[in-house]
Amino acid sequence: MVEHKVTCPLCEAMCGLRVQVSQGRVEGIRANRDDVWSRGHLCPKGASLNHIHTDPDRLRRPLVRRPDGGHTEVSWDDAFAEAERVLRPVLDTDGAGALTVYVGNPVAHNHALATHIGALIGFAQAAGMQAYYSPGTVDQWPLNVVGTLVFGTMWNAPIPDLPRTDHLMILGANPSASQGSMLSAPDIMGLLADIAVRGRVVVVDPRRTQTARRASEWVPIQPGTDALLLFAILRTLHENGWVRRPEHLRDRVVGLDDVIALAEPFTPERVGPVTGVAPATIRRLAEELARADNPVLYSRIGACTQEFGTLATWLVFVINTALGALDRAGGAVFPKAPVWSPMFTKPPDQDGEGWQFGRFHSRVRGAPEVLGQYPIGCLAEEIDTPGPGRLRALITVAGNPAVSAPGAGRLASALTRLDAMIAIDNWLNETTRHAHVILPGLSPLERSHIDDLYWMYSVASCVKWSDAVFEPEPDRPGEWELLIRLGGAMFGTPVGEVDVTALDDLYVGGLIATMSVLPRNPLTGCDAEALLRALPDHGPKRLADLGIRVGPWGDRFGENPDGLTLAKVREHPDGIRLAELEGGRLDESVCTPSGKVELFHARLADDVPRLAARLERPKPPMVLVSRRHLRSNNSWLHNVPSLMRGRDRCTLLIHPDDAARIGLADGQPARVSTSEGTVTVAAEVSDEMMPGVVSLPHGWGHGLHGTQLATANAHPGVNNNLLNPIDVIDVPSNTHAVNGVPCQVRAAEPGAETSDERLAASI
C-alpha cells in the first residue's frame, strides 16, 4: 500500500487528502490530519476523487463527430487533423474575429488549465478575436468590477477575518454548501459556530439555508434588493454618528463621504416595504454592527447575481470601511498569497492609469465589454444572427454553457449552427455533444496541482504542491499542451504541427517580458531572458516555480537564498504554513491609481438612480432564485454516483402559504414559467423559503440525446437557465440577474413528468 498526500482541487476549501493506492487502484481516501492548512477537514466531494477518476463515462481518448451527429473515438493525431479541418476554413475566410473561447469554472481548479488558458486567449486575441466568454457574467463579475475600481485589480478584495470577528453579517452566501466562496477556510462552518459563541452571525437571504439555520439570526429579504438594505444601513450609521474614522485609514481612503451622500434617499422607512425587512429591523441591524467590537460584512454569489449586484457588492466594502473594519484585525483584511500569478496585476491591454470599460461592443445588441467579456447571454445571438462578424467557431474549455448560461434553449440551438466547435473536456455532456472534436484532459488524480488564486482569499498563508497519484498513458497530452496547440493554430500552423515547446517558451517568455516593464508587480525590472533560463521545466510546473519564487516568501532567483522554490515546497507533502491573517496590509495590497482605497466611482454612482427607481416598482407576486448543494459543484459533479445518493435535489422549494394558495402539494409537479420559458418540476413545500419566493437549483437539465453521462442522465432534473432571461442585466458589471426573476407557478396535471419544455422543443 502506497499513500499519496494531495490537495483536493474540487473547491476553494483546498482540503488535504491521503490517497491510499495498491496495485494501481485507489483503496481509500481520507482526510490528512497533518495537512498544515485543512488539519483533517474533508467534505463529500474530496472523498469522491476516485469515483471521478474511474468514471466509465470520463473520456480517455478524443472524440470526433460523425455525420449522423454521434461521436467516434479516434487517435490524437486524427483528432488534431479533424480540428484543423473544421477550424482552418473559418480562420482563412473570416479570421479569428469569427471565433471565440468559453472558459468554464473548472479551469480555476485545474492548474494546467489556469496557467495556460492565457496562451489560448492571448494568441487568439492577437490574431483578431475580440471578447471571450465565461460563467463570470452569471457568477461573480460584480466582485471583479468592484475589486478593480476600489482596490486596483480584478482579483483583489479583502475577506472577513473569521478567526477574530465577533459580528458577521452574511448576504447571499451559503458556506454550508459552498465551503466558502472567495473566502477559503478549512471547516468554515466550524469557524462560523465559534463566531456565534463569542458574538453574532446574521444571515440575510430569502431562504433559511443550512448556514442561516446555524446562525444567530436569519433575516429574510426580497431577492434583488440587497443594495437597498445596505444603503439604508449606511444611512442609519451616518445619521446616528456611528461611522468610524480610525487613524489607520486616515489618508488611505477616498470617497466615503460621497457614497454616504448617495445613501440619503434610502431611509429604512422607504426601503423596508420593498426589501421585506422592517424599518425597525434595519435600524437594529445597523446599531448592532456599530456596537460590535469587530464587525464585518461578507457577500457572495447570491448578492452578485441580481439586478443590482455590483451596487450590493460595492456597499459591503463601503460599510466595512464606514465601520472602521477595513484592514483591521477582526474586520475585512487582505490575505497574503504565497504564489504570485499574473492575474493579480493590471493587464497590459488596459491603457492609462485607470481601468477602461466598453473598449468594444458586441455585434448584435451592442453590449459593452467589461473586463474583456460580454454577457454570456450574448453568445447565442452572436452565433445565430446572420451578417458580417457572425461567430462561426467556438472553443470551450472545461465548460458547459448549454446548462450554465441564461437563455439556454436558444444557445443549445445556436451551437448546432457552428462551422467549428472544439471542446477541451472530460465528458460528453449537454454542450460538448455539439462539438466537432472533443479533446479530453486528465483526471484530478493524473495531474499535479497547486492553488494560487484561492490563497488570495484565505484565512492563512500556506503553500502546497500535489504530485499526480497516477501517471497518465504515455501518449496523453496535458491540457496545457492542448491549449498551446489551439492557440498556435491561430497564426496558420496546422493544429497537429504546432511546436508546443517552442510556443510555450514564447508564451512564458512574453509574459515575463511584459510584466518586467509594467509597474508595481513582482517581475518589474526583471531580466526576462535570465528568468526563462532559470526555469528549465515547461508547462504549468514552470509557472508554478515562477509564482513561488517571485512571491512574498520566494528566493527571487538567488536574491533571497533562504526563500522558497517549487523544489523546496515539494519537500513538504503536508504543505508549509507561512503566516496568519493580519491587518495593516492596505498599503501593499491596494494598487489603484491614487494608491488609496477609491470608494467612489462614477461607474457605480451612475447606477444609483436605477436602484432608486426600483423603490417605485410594483412587487411581483412570485420570484425565482437559484441554489446549490454541498454534494454538487454547478453541473460538473452530477455523474458521480456517491454524490448523487439520497433524495431528489432538483426540486422547486416553495413556502407552505404559497403552495396552499396555488393548490400545490409536496411532491406534486409544478409548472414554472417566466418571460424566457417554462419547466415542470417536483415541488418541495418548505418554510425554509420566505413567502413569495421559490428556488430551483442550477446545474441540472441532463438526460439529453447524444450525451454520455449515465449517472447524471438517471437524475436529469430540469435546467433552470431555461427560465432565466438574457435581458435583465446588472449594468455596471454585465452580469445576468438570475436571482429575483419574476415567475408564475401553478400546479401541473397529476402524473406530469418533469421536463425542460423549451429545450426539448429545440432539439
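The second largest pocket of this predicted model holds about 860 Å³ of space. A pocket here is an open set of points on a 1 Å grid over the protein atoms alone, with protein on both sides within 12 Å along at least five of seven lines. Grid points are joined across faces, edges and corners, and a volume is the space filled by probe spheres set on the points. The lining comprises 37 residues, with Phe 344, Thr 345, Arg 520, Asn 521 and Cys 591 nearest the centre of the pocket; a lining residue has an atom within 4 Å of a point. By class, this lining divides into 21 nonpolar, ten polar and six charged residues. Ala, Val, Leu, Ile, Met, Phe, Trp, Tyr, Cys and Pro count as nonpolar, Asp, Glu, Lys and Arg as charged, and the others, Gly among them, as polar.

Local features need pLDDT of at least 70, and side-chain atom pairs count only at pLDDT 80 or more, whereas totals for chains, interfaces and linings use all residues. Residues are numbered from 1 along each chain as its sequence is written, and side-chain values use heavy atoms, with hydrogens and water left out.

The largest cavity has a volume of about 130 Å³. Of its 17 lining residues, Leu 143, Pro 158, Tyr 298, Ser 299 and Phe 317 lie nearest the centre. At least two lining residues come from each of β7 (159-160), β12 (295-299) and α13 (309-322). Helices (H or I, at least four residues) and strands (E, at least two) are DSSP runs, numbered from the N terminus. The lining of the largest cavity has 13 nonpolar, three polar and one charged residues.

The second largest cavity contains about 60 Å³. Its lining includes Val 6, Thr 7, Pro 9, Leu 49, Pro 444 and Asp 467, and by class has seven nonpolar, three polar and two charged residues.

Strand β12 leads from the largest cavity to an open sheet of four strands, ordered β10-β9-β8-β12 with parallel pairing. Two strands pair if DSSP finds at least two bridges between them. β10 (217-219) and β12 are the edge strands, each pairing on one side only. From one strand to the next the twist averages 20°. Strand β9 (residues 200-204) is joined to β10 by three bridges, and Val 203 has Trp 218 of β10 as its bridge partner.

Another open sheet has three strands in the order β1-β2-β3, with antiparallel pairing. β1 (2-7) and β3 (25-31) each have a single partner strand, so one side of each is left without a neighbour in the sheet. Here the twist averages 25° from one strand to the next. Six bridges connect β2 (residues 16-22) with β3, and Gln 20 stands opposite Gly 28 in β3.

Among the helices, α3 (residues 111-127) packs with α17 (residues 479-488) at an angle of about 0°, the axes being 8 Å apart. Axes are lines fitted to C-alpha atoms, for helices over the stretch in contact, and angles run from 0 to 180 degrees between N-to-C directions. The two helices are therefore roughly parallel, a term for angles under 35 degrees. Their contact (heavy atoms within 4.5 Å) involves residues including Leu 113, His 116 and Phe 123 of α3 and Trp 480, Leu 483 and Gly 487 of α17. Ten of the contact residues are nonpolar, three polar and one charged.

Technical notes. Parallel < 35°, antiparallel > 145°, perpendicular 65-115°, else oblique. 1 Å grid on protein atoms, 1.4 Å probe; cavity = no way out; pocket = protein on both sides within 12 Å on 5 of 7 lines; lining within 4 Å.
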